[in-house]
Amino acid sequence: MNRTPAEQQLEELLLEQERLEVQAAEEEAEWRAMHARLPVLRLQLQRQEEDGGEWRAMDNRFALAAVMKQRLVAVSTLMRLEAHRLWLRAVVAWVQWEEAQRLAGVAVGEEEAGEEAATAEEEAAAGEESPFHRLGQQMEDILGDGGILKEVFQPGEGPPVPRNASVSIRFSAFLEYCDRPFDTNCNVKHPQMMKLGRDVTLAGLELGLLTMRKGEFSRFLFKPQYAYGEIGCPPFIPSAATVLYEVQVLDFIDSAQVDDFLELSVEEQNDIPLSTLLKVVNTCRSFGNRCFKQSRYYDTKDNYKQAMTLLGNKETENDVEREKINMELLPLYMNLSLSELRLERPHKALKYAIKALEVDPDNTKALYRCGQAYLETHDYKNAQGCLIRAQAKKPFDSDINNLLKKVAICYKDSLDEQKEMYSKMFKGFNHPMKITIIPIPKQQKVTSLNDWHP
């Protein structure tokens, strides 16, 4: 007899629960054994500290720390076991629900679906069509089999989304007779990029996205074979459900070339023409720029560093290629420097700004980044020097002038603080020292023992 996916998952979860229970019991036993030594360890530690034996007491401190660590490990395993039990209960409920549905033929979620079924029966009795059926009559069949229907509300511009692209979308998904979406990301300010074929798991949604353009807003009806299938996704989506998706394409990047390039070894990458490498680098930089606009600075840094690494691995054949690579590295260094500043890591920001100056010693933006990084590290003298050099290139740049004023104020405040600190340190040396001279009596001339007296 074929088992359902829920029953297979239930069997796997039961095996995992047995393993976790054994692990939790072993860790709990180990902790209790170590916990029994706690009173002795504490007493030894107290005596050794009273005797001044700091080095001997250190071993006991390490032993106490090991006990605490073992306790944390045991508690962590118990928490994992409890979470696993909760998930197991949910899967058991799912299996029971499937069994009840199979035996009684009842739709999922009687409380929620009861009213929907009643509404559908009333409409059927009155000879009316369902909302999705009426909606589908005015939509376009994009595949020819009726499985995916599309209606465009706002046309987009440019080419359609290519295969294997990374796309950023806003969407809301609805069931029939439901006003509230069962899935949406419209409450997210900056939706993340999703890779087609990897992150977009709904077949109908991926096929629908391939027909859309940047800025387009469309509505799709997906039949079960292009949505959640005959099983559905209980308890939220019933079996054999047609779903409605409202989708807007915010942006997309054709990343297929990047994926193919990264699958190659370093030796194979060196055989690729430089022009192809520069296209891959520009795509990585585009990912980084998008992440930066969304204030995702760690992702920004990773994309820029990936592009920098690809350029660094390229073996150049002549000076012309080396110059082209340096020109591509320059904006990457600048962007990495700014990303590190946003991550509040001025030392790394300074490292990339200095690398940019090695490529172009007179680059005003690189000098400005150095000034920013030096300011954050309280190296006001070097900050002032870099900004003065930048000001000489662009004397009317407001950002440079404002930062230079800020550095001058901070530099003055720093010198005043040092002056005050040193004045307090040498306060006792500001007044002349008073020296008391004790007079020494003249030596007596002793001619006989009778003349001597103390």
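**Ring pairs and cores**

Tutor: Let's start with Y380, which is buried at a relative accessible area of 12% (buried means under 20%, exposed over 50%, partly exposed in between, with a 1.4 Å probe and protein chains only). Keep in mind that this is a predicted model, where local features need pLDDT of at least 70 and side-chain atom pairs count only at pLDDT 80 or more, while totals for chains, interfaces and linings use all residues. Residues are numbered from 1 along each chain as its sequence is written, and side-chain values use heavy atoms, leaving out hydrogens and water.

Now the rings: there are seven aromatic pairs in the structure. A pair means Phe, Tyr or Trp rings (six-membered ring for Trp) with centres within 6.5 Å; planes under 30 degrees apart are stacked, over 60 edge-to-face, and the rest tilted. F182 and Y228 are edge-to-face, because their planes meet at 70° with the centres 6.1 Å apart. That pair links distant parts of the chain, 46 residues apart: F182 is in the loop between β4 (166–175) and β5 (183–184), and Y228 in the loop between β8 (217–222) and β9 (243–253). Strands here are DSSP E runs of at least two residues, helices H or I runs of at least four, numbered from the N terminus. F182 is partly exposed at 27%, and Y228 is partly exposed at 23%.

Back to Y380: with Y411 it makes a tilted pair, 6.3 Å between centres and 35° between planes. Y380 belongs to helix α14 (380–393) and Y411 to helix α15 (398–425), so the pair ties together parts 31 residues apart in sequence. Y411 is partly exposed, at 24%.

Elsewhere, ring pairs join F171, F220, F222 and Y245 into a cluster.

Then there are the nonpolar cores, meaning sets of buried Ala, Val, Leu, Ile, Met, Phe, Trp, Tyr and Cys joined through side-chain atoms within 4.5 Å. The largest has 43 residues, and L311 and L332 touch the most other members. Helices α14 and α15 are among the elements that each supply at least two residues to this core; the largest share, eight residues, comes from α11. Skipping residues up to four places away in sequence, L332 touches V281, R285, Y304, A307, M308 and L311 (contact means heavy atoms within 4.5 Å). Apart from this core lies another, of 27 residues, including V167, L202, M212 and V247.
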